[in-house]
Amino acid sequence: MLLLISSLFFTSCTKTLNTNSNESNGKDSYVQDHFSKKELTIEMRDGIKLHTTVYSPKDTSISYPILLLRTPYSCKPYGESNYRSRIGPNKYMMKQGYIIVYQDVRGRWMSEGTYDNMRAYIPNKRSEKDIDESSDTYDTIDWLVKNVANNNGKVGTWGISYPGFYATYSAIDAHPALKAASPQACIGDFFFDDFHHNGAYLLSYFRATALFGTPKDQPVDTAWYKIPDLKTEDQYQFFLDAGPLSNLNKYFQYKTVDNPGLRKEDLVDDFFWQELIDHPNYDSVWQKKGIIQHLKDIKPSVATMVVGGWFDAEDLYGPLETYKTIEAHNPGNYNTLVFGPWSHGAWASSKTKNIVGNYYFGDSISDFFQQEIESRFFQHFLKDGGDHNSGLPEAYVFDSGKKTWHTFNSWPPENVSRKEWYLSENQNLSTNKGPEQKVSFISDIKRPVPYSEDIKTVFTPRKYMTDDQRFAARRPDVLVFETEILEEELTLAGDILAKLIVATTGTDADWIVKVIDVHPADTKNNNKDLQNHLKMSNYHLMVRSEVMRGKFRNSFSQPEPFTPNKKTSVNIKLQDVFHTFKKGHKLQIQVQSTWFPLIDLNPQTYVDNIFKAKESDFKTQTHSVFTSSSIELTVLE
């Protein structure tokens with residue numbers, strides 16, 4: 001049963017700290033006024049010490065739960081006299097009475113040890129030397145509940161992105177004191193999140209590599225890594241001019257970065273970039289680092305609330321698969337899902353207007369989540385009864401088309417069905433399968449389809465997830481299929497499967513599918529920050545998109561080439577959506593083979609390792625899509 005709750009508000013009984021903070025000179029001193037800060041090291045079972053910062057309420061008349069965030073991004077500011085301006089998951093919880101703890105994970109910033117990008121879980125630990133993020137979290141919680149004054153013996157974990165990954169990890173082999181975990185935008189598997197999508201390398205994350213792969217051999221309180229400077233504001237042209245990925249190795253030769261000619265081209269100092277080079281396929285290294293497969297035995301004593309954004313360019317796979325896996329294998333657990341109209345981590349924002357790129361979804365959406373969902377979750381499991389009757393639904397999801405919150409008893413909802421739409425002739429999208437025809441286009445390796453029409457250089461991409469796709473629809477190397485104007489609403493609630501029948505003159509190709517909501521011509525502008533060259537009239541809102549590197553179509557671990565000009569099936573799973581295509585709108589599907597430089601260029605000839613491809617491997621090819629191809633949608637009845 002679907003319940004509309006956009007106007008529903010909750011109240012909760014909480015212990016609220018005195019909010020009469022000293023804000024002289026316009027500086028928010030709430031944290032310093034109401035918390036004592038301690039910096040300490042906690043020794044892990046193998047002797048490694050992890051830097052930990054504890055913010056304890058100054059009111060010691062009662063006991064408080066502990067909220068723990070473990071992060072590779074630093075516990076700054078360092079020094080017991082230096083305070084964060086805001087602590088905890090949100091501003092409301094900061095004032096509701098919690099002991100809030102931050103910890104630099106192993107090998108990062110002020111913590112000892114060796115950092116491992118998504119350290120593999122060890123299920124059967126044989127000695128104290130067998131450590132992973134689960135054991136580090138267990139040892140940390142064990143120390144905190146035994147040594148931090150005025151704690152009530154209950155612990156919660158939370159985090160966004162990488163910290164969300166550590167929050168997920170906390171629920172594996174959980175400490176008995178852990179009662180609530182909220183993984184948010186959590187990484188699930190590096191072959192499908194962040195740096196890869198279905199085998200395609202996310203070139204747009206190139207600059208972020210140094211953040212995670214620069215070696216560090218001792219605790220430091222200042223950055224030891226350097227983000228590559230592209231020396232341009234036009235990243236499309238930069239990567240096009242750079243050529244094969246191997247030409248980028250010089251940016252990770254730190255020891256001789258001023259004179260990269262002194263180094264061999266294939267020798268780099270960045271251990272993460274080297275890991276990418278050494279493991280182009282979904283081999284045992286990536287498989288072991290993935291955390292999704294280890295969520296099949298979560299203790300029922302740990303309540304989980306997984307949070308994500310429908311327009312999260314970085315980690316969409318992770319939270320959806322985390323929720324679904326826990327749900328499928330731990331049916332007796334309290335496990336819920338929250339998804340809103342957010343980009344990466346935007347639910348933690350204090351901004352009133354909820355805008356992703358150029359698209360406006362409404363006001364106070366993040367505030368509603370913080371106050372009425374997130375705060376209530378932790379209140380119930382760390383302070384109140386802690387049973388499954390939390391007052392929150394199984395799935396709290398935002399319809400990005402109607403721009404309203406809804407609740408469901410399951411996700412995907414129970415009342416959905418699978419509907420198939422065919423890519424038909426004359427650019428039509430139809431529920432009726434017609435005679436098969438071939439639609440071809442030239443994929444010019446020198447003029448790849450851009451993922452955005454903006455001229456820019458970004459650290460990681462975000463805005464494109466809601467970008468107007470008219471610029472792509474008007475290119476000859478982008479195939480467009482769309483419905484007639486819809487005479488009634490169409491609500492998608494679940495995943496999407498593109499079942500393409502294709503052919504290529506080459507031996508490899510990428511296949512990108514985009515699901516687009518075409519707005520009516522009379523749609524009015526509703527966002528004063530809309531880019532000047534855009535209008536909401538006929539806006540092509542990208543609702544979901546995904547890429548499949550063709551050689552991985554049958555196996556991510558054992559790639560195989562295409563046979564030139566042979567009809568071949570390529571299935572692409574697009575992550576879940578909850579979006580209503582309103583009456584008067586149109587549903588459009590775009591199919592293309594380049595998406596640059598969001599993903600790297602496929603040579604369009606088969607190579608074993610894209611990171612070692614040569615200039616001569618890259619060839620312009622002709623690709624074809626057959627009208628027997630279809631899009632399978634999950635439709636809400």
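Predicted model: local features only at pLDDT ≥ 70, side-chain atom pairs only at ≥ 80, totals over all residues.

User: How many bridges join S21 to S24?

Analyst: Seven bridges join strand S21 (residues 510-518) to strand S24 (residues 586-592), and the two run antiparallel. Within this sheet, lysine 514 stands opposite glutamine 590 in S24.

User: What about S21 and S22, how many bridges there?

Analyst: Nine bridges join S21 to S22, again in an antiparallel arrangement. Isoleucine 512 has valine 547 in S22 as its bridge partner.

User: Is S22 mostly covered or uncovered?

Analyst: S22 is mostly covered, as 10 of its 10 residues are buried.

User: Which strands are joined to S3 by bridges?

Analyst: Strand S2 (residues 35-43) is joined to S3 by nine bridges, and these two run antiparallel. Strand S5 (residues 99-104) is joined to S3 by four bridges, also antiparallel.

User: What phi does glycine 47 take in the hairpin?

Analyst: Glycine 47 takes a positive phi near 95° in the hairpin of S2 and S3, which has five residues between the strands.

User: Staying with S3, is serine 56 buried or exposed?

Analyst: Serine 56 lies in strand S3. Its relative accessibility is 19%, and the residue counts as buried because the cut-off is under 20%.

User: What is serine 56 in contact with?

Analyst: Leaving aside neighbours within four places in sequence, serine 56 is in contact with His34, Phe35, Ser36, Ile99 and Val148.

User: New topic, aromatics. How many aromatic pairs does the structure hold?

Analyst: The structure holds 60 aromatic pairs. One of them is formed by phenylalanine 191 and phenylalanine 552, which are edge-to-face at 5.8 Å centre to centre, with 90° between the planes.

User: Where do those two phenylalanines lie?

Analyst: Phenylalanine 191 lies in the loop between strand S7 (178-184) and strand S8 (196-197), and phenylalanine 552 in the loop between S22 and strand S23 (568-581), so the pair ties together parts that are 361 residues apart in sequence.

User: Are they buried or exposed?

Analyst: Phenylalanine 191 is buried, with a relative accessible area of 0%. Phenylalanine 552 is buried too, at 2%.

User: Which residues do ring pairs link into a cluster?

Analyst: Ring pairs link Tyr73, Tyr121, Tyr162, Phe165, Tyr166, Tyr169, Phe190, Phe195, Tyr205, Phe212 and Phe272 into a cluster.

User: And charges over rings? Where does arginine 108 sit?

Analyst: The charged end of arginine 108 sits over the ring of tyrosine 115, at 4.8 Å from the ring centre. Lysine 216 lies over the face of tryptophan 224, 5.6 Å from the ring centre.

User: On to H9. How far apart are its end C-alpha atoms?

Analyst: They are 18 Å apart, which agrees with the 18 Å that the 13 residues of helix H9 (residues 317-329) should span at 1.5 Å a residue.

User: Why call H9 largely enclosed?

Analyst: 10 of the 13 residues of H9 are buried, so the helix is largely enclosed by the rest of the structure. Among the buried residues are Tyr317, Pro319, Leu320 and Tyr323.

User: What covers the buried residues of H9?

Analyst: The cover includes helix H4 (162-170), strand S10 (303-309), strand S11 (335-340) and S23.

User: Last one, alanine 313. Where is it found?

Analyst: Alanine 313 is found in the loop between S10 and H9. This alanine is buried, with a relative accessible area of 5%.

User: What does alanine 313 touch?

Analyst: Not counting residues up to four places away in sequence, alanine 313 touches His197, Tyr205, Pro461, Arg462, Tyr464 and Met465.

Key: Residues numbered from 1 in each chain as written. Heavy atoms only, no water. Pairing = 2+ DSSP bridges. Phe/Tyr/Trp six-rings, centres within 6.5 Å; stacked < 30°, edge-to-face > 60°. Buried < 20%, exposed > 50% of the residue type's maximum accessible area, 1.4 Å probe, protein only. Lys NZ or Arg CZ within 6 Å of the ring centre and 35° of its normal. Expected span 1.5 Å × (residues − 1). Contact = heavy atoms within 4.5 Å.
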